[in-house]
Amino acid sequence: MLLLGCTTEFQTNNNNADDAPLDATLIEGYIISIKNNEILVVENLSKEEADTSRYTENQILEKADPNATWVSIDSPLNVKDYKVGDRIKVMIDGGIDTSFPAQALAKEIDILN
């Protein structure tokens, strides 16, 4: 019997003081929608699969299921700093509500474009 181990992308290396702690929850993906103070991030899709000029939000969500999260942005972060299509990495503040799409609060956001 072959057993395969798995790791989670939510754990990060802590070689640097600026890195997230080992138990930090991180999501990384593309912004497909922005509403009020929230951004909708889909994970595990290519840039083409998350392209809102080619697919509707619902089509992208179907492809991403269950890897989509509405991320709330509060001060000092500003939702105006981000745009649909940006590839980002989000450090979550607290837990993630596992509805679909999931819901979470951003602690820190890095644009990866």
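Select strand E2, residues 38-43: 5 of its 6 residues are buried, where buried means under 20% relative accessible area, exposed over 50%, and partly exposed in between (1.4 Å probe, protein chains only). Strands (E, at least two residues) and helices (H or I, at least four) are DSSP runs numbered from the N terminus.

This is a predicted model, in which local features need pLDDT of at least 70 and side-chain atom pairs count only at pLDDT 80 or more, while totals for chains, interfaces and linings use all residues. Residues are numbered from 1 along each chain as its sequence is written, and side-chain values use heavy atoms, with hydrogens and water left out.

E1 and E2 pair in the antiparallel sense over 6 bridges; strands pair if DSSP finds at least two bridges between them. Go to the turn. The two strands form a hairpin with 2 residues between them. Asparagine 36 in this turn has a positive phi of about 55°.

Now centre on valine 42 in E2. Tyrosine 30 stands opposite valine 42. Alanine 68, in E3, also stands opposite valine 42. Show the whole of strand E3, residues 68-72: E3 pairs with E2 in the antiparallel sense over 5 bridges.

Return to E1 and pick glutamate 28. Is glutamate 28 buried or partly exposed? Glutamate 28 counts as partly exposed because its relative accessibility is 29%.
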